[in-house]
Amino acid sequence: MDPQPLTEAQPRLLPHPRTEELFASPVPPGAGWPGDPADVTTPVTTTKAAVARRARKASTLAELDAEISVCRACPRLVAWREQVAVDKRRAFAGQPYWGRPVPGWGDEHPGIFIVGLAPAAHGANRTGRIFTGDRSGDQLFAALHRAGLVSAPESLDAADGLTATGVRIGSPVRCAPPANAPTPDERHTCDPWLAAEWRLIADDVRVVIALGGFAWQVALHMLADRLDGPKPKFGHGAVADLDGVKLLGCYHPSQQNMFTGRLTPAMIDDVMATAITLAG
């Protein structure tokens, strides 16, 4: 399908790499993007107070994911994610970019919950699925497939048919941040979304995997009501028992960690095997 030319009234539309349907960048809610949880009626949050209020009210993961995906509470992050969606990386210049916040993904009743950091500008910010479209996602999903937790070794885009069994992935920041560095205020604004996600899956989760030291601290905050005593220290393979939920540390599968050998596929496999054992 040929891209639609730019007009004054409408931005240029480009074909989705799998479905070939035409989309603007960023993708408007309700436009038919594969897996889009929102539509034109989904409430849009624009302030920190509104995020906290809407997150508290969310009663299902579907409702929560929809509201996360249209959040506009952090002006700097909104401007950055949308600018990236317009400018694009040369390799993806012919594709539409999601360009919106990225909700969690996976089983609605997971025994294992993986906490990452934030979407990548040309990864999840492009595809609309967390940890998809960049090298970190390649490493993570390959390991999840080897562990039998997802249906294929690659997560390519939101229309690839991938499914998860027993695992869900979330993040403390839902928008791609400039230089991969959200500000403290942006992190605090986004906190209620993760808290709500945890509230909706906590009865099922037995293991939380934190990808990196920052995610470990985020997970400890998320599990604060279960913490009794000093905060456990992060380490690759470290396990902390927090009132029946095991917190498990894993180095982040970043390109740098994998390239330098600080983290290897075998090391990720060990963490996944431990998580499955602990989750029962």
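Buried means under 20% relative accessible area, exposed over 50% and partly exposed in between, computed with a 1.4 Å probe on protein chains only. The views below show a predicted model, in which local features need pLDDT of at least 70 and side-chain atom pairs count only at pLDDT 80 or more, while totals for chains, interfaces and linings use all residues. Residues are numbered from 1 along each chain as its sequence is written, and side-chain values use heavy atoms, with hydrogens and water left out.

**View 1. Strand E8 and its two partners.** Helices (H or I, at least four residues) and strands (E, at least two) are DSSP runs numbered from the N terminus. Because five of the six residues of strand E8 (residues 245-250) are buried, E8 is largely enclosed by the rest of the structure. Two strands pair if DSSP finds at least two bridges between them. Strand E6 (residues 207-211) runs parallel to E8 and is joined to it by five bridges, with Val208 having Leu247 in E8 as its bridge partner. Strand E7 (residues 239-242) runs antiparallel to E8, with four bridges; here Asp241 stands opposite Lys246. E7 and E8 form a hairpin with two residues between them, and Asp243 in the turn has a positive phi of about 55 degrees.

**View 2. The salt bridge between Asp157 and Arg18.** A salt bridge is a side-chain nitrogen of Lys or Arg within 4 Å of a carboxyl oxygen of Asp or Glu, and the structure holds 13 of them. In this one, the side chains of Asp157 and Arg18 meet at 3.0 Å, N to O. Asp157 lies in the loop between H5 and strand E5 (167-170) and Arg18 in the loop between strand E1 (14-15) and strand E2 (22-23), so the pair ties together parts that are 139 residues apart in sequence. Asp157 counts as buried at 7% relative accessibility, whereas Arg18, at 40%, counts as partly exposed.

**View 3. The salt bridge between Arg129 and Asp160.** The side chains of Arg129 and Asp160 meet in a salt bridge of 2.9 Å, N to O. Arg129 is in the loop between helix H4 (124-127) and H5, and Asp160 in the loop between H5 and E5, 31 residues apart. Arg129 is buried at 5% relative accessibility, and Asp160 is partly exposed at 21%.

View 4. The closest N and O atoms of Glu197 and Arg168 are 2.7 Å apart. This pair links helix H6 (residues 184-201), which holds Glu197, to strand E5, which holds Arg168, 29 residues apart. Both residues are buried. Asp65, Arg168, Arg174 and Glu197 are linked in a network of salt bridges.

**View 5. The largest pocket.** A pocket is an open set of points, on a 1 Å grid over the protein atoms alone, where a 1.4 Å probe fits, with protein on both sides within 12 Å along at least five of seven lines; lining residues have an atom within 4 Å of a point. The lining comprises 31 residues, of which Ala118, Ala120, Asp134, Ser136 and Asn180 lie nearest the centre. Helix H5 (135-146) and helix H8 (255-260) each supply at least two lining residues, and the largest share, three residues, comes from H8.

**View 6. The second largest pocket.** This pocket is lined by 20 residues, of which Gly35, Asp65, Pro103, Gly104 and Trp105 lie nearest its centre. Helix H2 (61-68) and strand E3 (105-106) are the elements that give two or more residues to its lining. The largest share, three residues, comes from H2.
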